[in-house]
Amino acid sequence: MNITFFSSVSTKEKVFAQIPEFRNHNTRYFKLDERDKLLFQAKDTELLFIDAMGVFNKEMIDSMPNLKLIMSEGVGYQGVDVEYASEKGIPVCNNKGVNDTAVSEVALFLMLGCLRNFSKGVDEIYAGRQIEFKKASFGKSRELGRCTVGLLGFGDIARKTAEYCNALGAKVVYTNRTRYKELEKEYNVEYLSLDELLAQSDIISLHLAVTPQTVNTVDSKFISKMKKDAFLINTSRGDLVDNDALKNALLNGEIAGAGLDVYTPEPLLKDNPLLDERLKNKLILTPHIAGITDLTVEKIYKNIAENTQNIILKKELKNRVN
């Protein structure tokens with residue numbers, strides 16, 4: 001098979017280490033910034049595995065007439081023109097559920113970090129003001145077990161996050177386009193409308209897919225409905241948040257802070273509004289590493305290998321989205 005990886009992370013060494021049988025196929029690797037090179041050198045591609053942050057549009061699909069599969073390396077696939085692929089009869093798959101534990105762990109870390117003001121605490125230690133920060137924090141920081149955590153969306157990662165928050169004694173509520181009554185008892189969660197959730201939650205955690213309807217979900221109107229001492233957590237996609245709205249809200253004290261692992265655009269550059277120095281002690285930032293643990297990567301390549309065999313043997317594909 002002619003197999004192409006269009007990815008910022010996959011390399012020949014990494015792929016062969018996880019999927020040794022791919023040595024028997026013609027595999028090629030292109031970085032996300034090598035689009036033109038991909039179009040020129042990969043016209044005979046049969047299986048395309050694409051970075052979850054990658055773009056694969058109509059022109060690119062048409063450049064590969066032998067294409068039998070497009071598969072995201074991650075959970076997200078918003079950069080793939082799924083509608084056009086469907087028109088061409090090309091299946092599109094993702095890696096649903098592979099990173100639920102990994103991402104929810106980071107969501108929990110960001111929640112705890114916001115509640116205890118880890119970001120400022122680290123700065124104060126390096127500045128030689130450990131005791132001063134400790135005195136200032138005495139009796140002020142909150143425990144997660146006394147908080148209400150509101151989840152926007154209730155997919156695999158949100159459900160795992162609910163489990164972790166429940167384990168620490170938090171009250172967990174959620175809102176979602178579809179209500180999952182049959183799961184509410186299992187995950188010990190309560191369904192609320194969006195406005196109810198925003199008004200009641202001490203922590204808002206985003207777990208939505210990016211669609212035209214969800215871009216900039218967190219705008220000034222959304223933030224105005226949150227509690228003034230609430231925190232925003234985003235381990236989902238940066239496109240869900242209006243950067244300027246969040247910046248202004250933090251500067252004006254409309255919410256207490258935010259913990260972010262994802263951004264728009266990526267890579268995160270110094271001119272991004274959220275890197276304003278005045279926000280430094282109100283933000284905890286991680287470099288979009290929530291879902292790339294060793295176990296997650298093992299699961300990703302296992303699914304890639306499985307769907308490769310499914311194509312060869314003409315079996316049903318795993319995690320097909322069209």
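Predicted model: local features only at pLDDT ≥ 70, side-chain atom pairs only at ≥ 80, totals over all residues.
Buried here means under 20% relative accessible area, exposed means over 50%, and partly exposed is anything in between (1.4 Å probe, protein chains only). Residues are numbered from 1 along each chain as its sequence is written, and side-chain values use heavy atoms, with hydrogens and water left out.

**The sheet**

- Helices (H or I, at least four residues) and strands (E, at least two) are DSSP runs, numbered from the N terminus.
- Five strands line up as E2-E1-E3-E4-E5 in an open sheet with parallel pairing; two strands pair if DSSP finds at least two bridges between them.
- Strand E2 (26-30) and strand E5 (92-93) sit at the edges with a single partner strand each, so one side of each has no neighbour in the sheet.
- Strand E1 (residues 2-6) runs parallel to E2, and 5 bridges join them.
- Phe6 has Phe30 in E2 as its bridge partner.
- Helix H13 (residues 294-313) lies across E1, strand E3 (47-50), strand E4 (69-72) and E5, at about 170° to E4. Axes are lines fitted to C-alpha atoms, for helices over the stretch in contact, and angles run from 0 to 180 degrees between N-to-C directions.

**Around Phe118**

- Phe118 belongs to helix H6 (residues 118-126) and is partly exposed, at 36% relative accessibility.
- Leaving aside neighbours within four places in sequence, Phe118 is in contact with Phe109, Leu112, Gly113 and Ile284 (contact means heavy atoms within 4.5 Å).
- Lys282 is 164 residues from Phe118 in sequence, yet their C-alpha atoms are 9.7 Å apart.

**Salt bridges**

- The whole structure has 20 salt bridges, each a side-chain nitrogen of Lys or Arg within 4 Å of a carboxyl oxygen of Asp or Glu.
- Glu46 and Lys68 pair up at 3.0 Å, N to O. Glu46 is in the loop between helix H2 (35-41) and E3, and Lys68 is in the loop between helix H3 (58-62) and E4, so the pair ties together parts 22 residues apart in sequence.
- Glu46 is buried at 15%, whereas Lys68 is partly exposed at 37%.
- Asp276 and Arg278 meet at 2.8 Å, N to O; Asp276 is buried, with a relative accessible area of 18%.
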